[in-house]
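I set out to record what I looked up in this model.

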Amino acid sequence: MVGFRAGDVPPTATVKFIGAGTAACIADLFTFPLDTAKVRLQIQGETTSSVNTGHGPVKYRGVFGTISTMVRVEGPRSLYSGLVAGLQRQMSFASVRIGLYDSVKQFYTKGSDHVGIGSRLMAGCTTGAMAVAVAQPTDVVKVRFQAQISAGANKRYHGTMDAYRTIAKEEGFRGLWKGTGPNITRNAIVNCTELVTYDLIKDALVKSSLMTDDLPCHFTSAFGAGFCTTVIASPVDVVKTRYMNSAPGQYSSALNCAVAMLTKEGPKAFYKGFMPSFLRLGSWNVVMFVTYEQLKRALMAARHNWATPL
């Protein structure tokens, strides 16, 4: 797939949409344990949780300490708790926020060849907000599963569909959209940082002739985007995770959750789980963008071959 040059077969909006969702699912399969470790570290320290674990408090220390503790206490499968909802989320979420990014960017530039940083940022904010509007319930279920202690008989959710039903029954329809506000904020930040940084790094490397538009360039751009995104988005990500996983009435709003974190745990609480966040986002970005670029080329090549008469 690497052999196809980017300019040979320009990808259509449909190819980008499908390719982004597929690439994001592949990236999730590789990095989901890091995401689960991040969630456990982010909620650690809360006095109340929506999850009835049936166990005493479990102390997690560091990325690999958290993963080893989960494997020892709950078994290896716990690292992939919520994977089904996670894949549902990526197929609907990444398809919109990444797959439609170029189309929305072109809309804001009105087809101009010159794309400024303002247009890139507006496109990132727009597709990020659109994606949350579509995929928020899947994100809520994913986080609830990742936060839930898997061992024992007191699990609150016993399957993905059961989780959707239980949340809707106990918390109302609005429960499935819990944390939409902070999630829109987070994903506007993440999308702008991730896609715009990837876009800018890739453009700079290609235009300066340091690299060609191929695998090494995609890898470098994705890694840089992952690091920048983690630094900027971590505080909002922690608040989003805490609020989405909270018991009904625990916090009156996302802002109240942030204030409670600050007063009870201090500023460091906003960077809980930073290392797994970086490891996860960095590796996720590399796998996703590299796969996405290759899928676009392969899908367009297949489409071209199918349309060409023998």
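**Basis**

I worked from a predicted model, in which local features need pLDDT of at least 70, side-chain atom pairs count only at pLDDT 80 or more, and totals for chains, interfaces and linings use all residues. I number residues from 1 along each chain as its sequence is written, and side-chain values use heavy atoms, with hydrogens and water left out.

**Record**

For residues 213–298 I noted 79% helix and 0% strand, with the end C-alpha atoms 15 Å apart. I take helices (H or I, at least four residues) and strands (E, at least two) as DSSP runs, numbered from the N terminus.

**Helix 3**

I checked the length of helix 3, residues 83–97. Its 15 residues should span 21 Å at 1.5 Å a residue, and the end C-alpha atoms are 20 Å apart, which agrees. The expected span is 1.5 Å times one less than the number of residues.

Where is the kink in helix 3 centred? I found it centred on Q90, at about 25°. The bend at a residue is the angle between axes fitted to the seven residues ending there and the seven starting there.

I then listed the buried residues of helix 3: L83, A85, G86, R89, Q90, F93, A94, S95, V96 and R97. Buried means under 20% relative accessible area, exposed over 50%, and partly exposed in between (1.4 Å probe, protein chains only).

**Salt bridges**

I searched the whole structure and recorded 23 salt bridges. A salt bridge is a side-chain nitrogen of Lys or Arg within 4 Å of a carboxyl oxygen of Asp or Glu. Side chains of opposite charge can pair when their charged atoms come close.

I looked at R97 and E194, whose side chains meet in a salt bridge at 2.7 Å, N to O. This pair links distant parts of the chain, with R97 in helix 3 and E194 in helix 7, 97 residues apart. Both R97 and E194 are buried.

I next turned to D213. Its salt bridge with K202 has the closest N and O atoms 3.7 Å apart. K202 is in helix 7 and D213 is in the loop between helix 7 and helix 8, eleven residues apart. K202 counts as buried because its relative accessibility is 14%, whereas D213 counts as partly exposed at 23%.

D213 also forms a salt bridge with R297, the closest N and O atoms being 3.4 Å apart. R297 lies in helix 10, 84 residues from D213. R297 is buried, with a relative accessible area of 7%.

Which residues are linked in a network of salt bridges? I noted D28, D35, K38, R89, D139, K142, D237, K240 and R280.

**Single residues**

I placed T36 in helix 1. T36 counts as buried because its relative accessibility is 0%. T36 and R280 are 244 residues apart in sequence and 9.6 Å apart in space, C-alpha to C-alpha.

I found I18 in helix 1, residues 13–43. It is partly exposed, with a relative accessible area of 42%. With F17 and L299, I18 forms a nonpolar patch on the surface, with about 230 Å² of accessible area together. Patches are made of residues with over 30% relative accessible area and no salt bridge, like charges being joined within 9 Å and nonpolar side chains (Val, Leu, Ile, Met, Phe, Trp, Tyr) within 5 Å. Accessible areas come from the Shrake-Rupley method with a 1.4 Å probe, and for residues only the protein chains shown count as cover.

Is S209 buried or exposed? I recorded S209 as exposed, because its relative accessible area is 63%. S209 lies in the loop between helix 7 (180–207) and helix 8 (215–245). It has a positive phi of about 65° although it is not a glycine. Most residues other than glycine have a negative phi.

V287 counts as partly exposed at 21% relative accessibility. The C-alpha atoms of V287 and F64 are separated by 20 Å, and the two residues are 223 apart along the chain.
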